[in-house]
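Morning, everyone. Let me put the structure up, and then we'll go through two spots.

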Amino acid sequence: MIIRKIALLVAGLSVSWMAFASMAPWYLWESKSDGHLVCSQFSYGPGWVLLNSIPYKDAGCRVQGRPG
């Protein structure tokens, strides 16, 4: 019974800390093969390079800055 209460407490604290996490920023990525630009939070793979190191708030890479 005590183990169940401790497990619930740990789970509750873990979930509550997630509320403080912020969204990941978006970046412009450029294809090495054809120069195509993509706005993404992560690289598509080795064929893509970070175009600039400017973070964006939106998925269209229009508003510069970190998501709040």
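I'll start with the disulfide and then turn to one lysine.

First, the ground rules. This is a predicted model, where local features need pLDDT of at least 70, side-chain atom pairs count only at pLDDT 80 or more, and totals for chains, interfaces and linings use all residues. Residues are numbered from 1 along each chain as its sequence is written, and side-chain values use heavy atoms, with hydrogens and water left out.

How many disulfides are there? The count is 1, taking a disulfide as a pair of cysteine sulfur atoms within 2.5 Å. The partners are C39 and C61, with 1.9 Å between their sulfurs. The torsion about their S-S bond is about 80°, so this disulfide is right-handed. C39 sits in strand β2, residues 37-40, and C61 in the segment after β3, 48-50, so the bond ties together parts 22 residues apart in sequence. Strands here are DSSP runs of E, at least two residues long, numbered from the N terminus. Buried or exposed? Both cysteines are buried, meaning under 20% relative accessible area with a 1.4 Å probe, protein chains only; exposed is over 50%.

Now the lysine. K32 is in the loop between β1 (27-31) and β2. K32 is exposed, at 57% relative accessible area. What does K32 touch? Leaving out residues up to four places away in sequence, K32 touches P46, G47, W48 and V49; contact means heavy atoms within 4.5 Å. Take W48: it is 16 residues from K32 along the chain, yet their C-alpha atoms are 5.7 Å apart. At P46, the backbone oxygen lies 3.2 Å from a polar atom of the K32 side chain.

Notes: Helices (H or I, at least four residues) and strands (E, at least two) are DSSP runs, numbered from the N terminus. A polar contact is a pair of N or O atoms within 3.5 Å; within protein, one must be able to donate a hydrogen and the other to accept it, and residues adjacent in sequence count only if both atoms are side-chain atoms.
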